[in-house]
Amino acid sequence: MFNPLNNITDFVHKLTHRIHNLFAPPGATCLTCGTRAVLSPTYPGICARCAQQIPWIRSIRCLRCGRAIGCPDCSRPHMANRSFICNRSAVQYNALMKEWIGMYKFRGHERYAPLLTSLLIQAFQAMSEELSLVAAKETQASAAQSATSALPPVDASLHPPNPRASTYARVQPPGAHASTAVRTNPQAATRQPKSLLPSSKPRWRPDVVTYVPVSNERLAERGFNQAERLASGLAAACRLPVVDLLQRRINTTKQSFKTRGERIETMKEAFSISPGIMDTLRDLYIGKAESNSAREHSCPLKLLLIDDIYTTGSTMDACGKVILNAAVTGDIPVEIYTLTLARS
Ligand SMILES: [Zn+2]
Ligand SMILES: [Zn+2]
């Protein structure tokens, strides 16, 4: 039935809304600071001021763990045989990042997911550029002499990740292993017109992405695994396969009462390989070997392990050791690289 009162209320509501929009500053409410502003085109949901406060790790001091400050950790003797080749992290774990990550991880604010994933994607692009340079230098060095170091010095000026950087996925054809075609003929890249260089440079690219799992108890509590979400977001954006490689048997987060030795022992037992997943890894390895040239036939499978925060590296190391052990048993050559959102 027609109700003139409803019509008037509706009209007044629309009018107030329009007047509000007329006087409110343009844009939307920033996810992280709550002010109304024009939102950043690069970082989903936040204003330009908040985007400027992101504590990017701009220059890497420790090539092993990707730390921006002096690193006594990696020079310790027991660190020499760590299971991963190197770690890189997007940002420093300062109070602001603690808040952002906490809002997502502990308070379940899903809107933080695209923002945090965008930070990880940029760090991945920077890591890819950095390791591409390493690969190019290795190729040059091996042409001169066969001996090369595992991780020669790299140009840290590549950090911070370029906010304007083209989305890696966009320049890569689906499923392409970028490095192969160019790496077999490194001179080809130098003959390209300059404008074509970004897409024709040899690109470091992992073959598979995985993540640090949480225990079932933690999963039930939070409803999701933040590391898995980050890994899936990155893998989707960069068109990489993601596998659920590991399981967490023991929840190791509440062990502050234990000694360092006890913590390391617990960590060793904390992770295991998901049943049947090594078959998937073998298929990926065979697929890679078949699509590669004869020169790269024996190239190991490059695996990128994702977590939210890197503190001492012991979690990453424990995961890496479980993967390497399973890979040796299954006769699958594997190289592990790690990438985290934050570095404390
Ligand atoms: Zn803001
Ligand atoms: Zn270090």
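**Reading a zinc site and a helix pair**

Reader: Which residues coordinate the zinc ion (ligand 1)?

Author: This is a predicted model. In it, the zinc ion (ligand 1) is coordinated at 2.3 Å by the SG atoms of Cys30, Cys33, Cys47 and Cys50. Along the chain these donors follow the spacing C-x2-C-x13-C-x2-C. Cysteine 30 belongs to the loop between strand 1 (28-29) and strand 2 (36-37), and cysteine 50 to helix 2 (residues 48-52), so this pair ties together parts that lie 20 residues apart in sequence.

Reader: What is the geometry of the site of the zinc ion (ligand 1)?

Author: The site is tetrahedral, with angles of 105 to 115 degrees among the four donor atoms.

Reader: Are cysteine 30 and cysteine 50 buried or exposed?

Author: A residue counts as buried under 20% relative accessible area. Cysteine 30 is buried, at 2% relative accessibility, and cysteine 50 is buried as well, at 8%.

Reader: Which residues are buried in helix 3 (residues 95-105)?

Author: In an α-helix there are 3.6 residues a turn, so residues three or four places apart point the same way. In helix 3, the buried residues are Met97, Trp100, Ile101, Gly102, Met103, Tyr104 and Lys105. At the start of helix 3, a side-chain oxygen of asparagine 94 comes within 3.2 Å of the backbone nitrogen of leucine 96.

Reader: How do helix 3 and helix 4 (residues 112-144) pack?

Author: A packed pair of helices is described by the angle between the axes and the distance between them. Helix 3 and helix 4 pack at about 130 degrees, their axes 9 Å apart. Helix 3 is therefore oblique to helix 4, and the crossing is left-handed.

Terms used: Residues numbered from 1 in each chain as written. Chains lettered and ligands numbered in written order. Predicted model: local features only at pLDDT ≥ 70, side-chain atom pairs only at ≥ 80, totals over all residues. Heavy atoms only, no water. Donors = N, O, S within 2.8 Å, 3.2 Å for Na, K, Ca; no water. Tetrahedral: all angles 85-135°; square planar, octahedral: opposite > 155°, others 65-115°. Helix = DSSP H or I, 4+ residues; strand = E, 2+ residues; numbered from the N terminus. Buried < 20%, exposed > 50% of the residue type's maximum accessible area, 1.4 Å probe, protein only. Polar contact = N/O pair within 3.5 Å; in protein donor to acceptor, adjacent residues only side chain to side chain. Axes fitted to C-alpha atoms, helices over the stretch in contact; angles between N-to-C directions. Parallel < 35°, antiparallel > 145°, perpendicular 65-115°, else oblique. Left-handed = near helix turned anticlockwise from the far one by under 90°.
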